[in-house]
Amino acid sequence: MLLSDTDEQLMAAVQGGESSALGELFNRHHGALYRYFLRMSGSASLSEDLTQEVFLRVLRKSETWQRDARFASWMYRIAHNAFIDHTRRNKWETAMPEKLDIAAPATRQLEHDEEHALLRRALMAMPPDKRELLILSRFQGLKYEQIGELLGVETNTVKVRVFRALGQLREIYERMSGQPGLSVAGGRN
Amino acid sequence: MMTCQEFAVDIADTLAGSATPAARARAEAHFGECSSCRANAALWQALGDLPADAPSPALQVKFGRHLSGTPSAPR
């Protein structure tokens, strides 16, 4: 195993029983996965547990990974399912996020920190399925095509849903901030 | 007059940086006319500015123990 190996080469090594390859995949992806779960759940401790659970599932289910599949897409499918399994008791579509235990910034008095906190709360107030669309597309770096594969929908359907989810997030943000329009810095990619 | 919904795909592609020049031009022309979609685009940017949280270093250690089959240290 080489550090220059692609994710897919590492995953092939995992299938071949090389557990050190899984360690390298963990090194590469555990931070991003943790942030996915943190933004989905708002709980740091749960996010660490679920991040570990995903990699244990990667090991257990390694024989189901197909060599022409992108590792990241497959990993996020496992993560998506792990989160659904966790929230099933609360019903996925309507589950409200758990209490936020994200560390508060030390300089909360600063305006941008307050805006960030408000934006986080608005994101957490969204239905989980819509929140996940924004998380996967904005934070996790997945292409719309990959999200479509993960969720089993057409790429253009993902784009329309992201567009709608963004509008819904803005409505929630404005309601929470008590003012129309954004106080966050403008601009776009 | 076209509705915002009809620009959804162009806007989503533009926000993600994957739009064709023509799609981006259509989205940006719409942003010029629509304060709501302009605000949504600003929100997309703001999302990207949220600080990235990191897991505790203990997570890596804990997973390494799982991987090596070494039992976790007692708490």
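At what angle do the axes of helix H1 (residues 8-16) of chain B and helix H2 (residues 21-33) of chain B cross? I looked this up first, and found that the two axes come within 8 Å and cross at roughly 105°. Axes here are lines fitted to C-alpha atoms, for helices over the stretch in contact, with angles running from 0 to 180 degrees between N-to-C directions; helices (H or I, at least four residues) and strands (E, at least two) are DSSP runs numbered from the N terminus.

I noted the conventions before going on. This is a predicted model, in which local features need pLDDT of at least 70 and side-chain atom pairs count only at pLDDT 80 or more, while totals for chains, interfaces and linings use all residues. Residues are numbered from 1 along each chain as its sequence is written, and chains are lettered from A and ligands numbered from 1 in the order in which they are written.

**Chain B, H1 and H2.** I recorded H1(B) and H2(B) as roughly perpendicular to each other (under 35 degrees is roughly parallel, over 145 roughly antiparallel, 65 to 115 roughly perpendicular, the rest oblique). On the H1(B) side the contact is made by B:Asp10, B:Ile11, B:Asp13 and B:Thr14, and on the H2(B) side by B:Ala23, B:Arg24, B:Arg26 and B:Ala27, contact meaning C-beta atoms, placed from the backbone, within 7 Å. I sorted these residues into three nonpolar, one polar and four charged (Ala, Val, Leu, Ile, Met, Phe, Trp, Tyr, Cys and Pro are nonpolar, Asp, Glu, Lys and Arg charged, the others, Gly among them, polar).

**Chain A, H7 and H8.** I then turned to helix H7 (residues 144-151) of chain A, which packs against H8(A) at about 100° with the axes 8 Å apart. A:Tyr144, A:Glu145, A:Ile147 and A:Gly148 of H7(A) meet A:Thr155, A:Thr157, A:Val158 and A:Lys159 of H8(A).

**A:Leu169.** This residue lies in helix H8 of chain A, and I list A:Leu169 as buried because it has 23 C-beta neighbours inside 10 Å (20 or more is buried, 12 or fewer exposed, in between partly exposed). Beyond four places in sequence, I found A:Leu169 in contact with A:Ala122, A:Leu123, A:Met126, A:Leu134 and B:Leu43.

**Confidence.** I checked pLDDT (the predictor's confidence in each residue, from 0 to 100) and found that chain A averages 85, with 81% of the residues scoring at least 70. In residues 184-189 of chain A pLDDT stays under 50, although the model has 17 contacts there beyond four places in sequence. Where pLDDT is low, the predicted coordinates should not be read in detail.

Conventions
Two residues are in contact if their C-beta atoms, placed from the backbone, lie within 7 Å.
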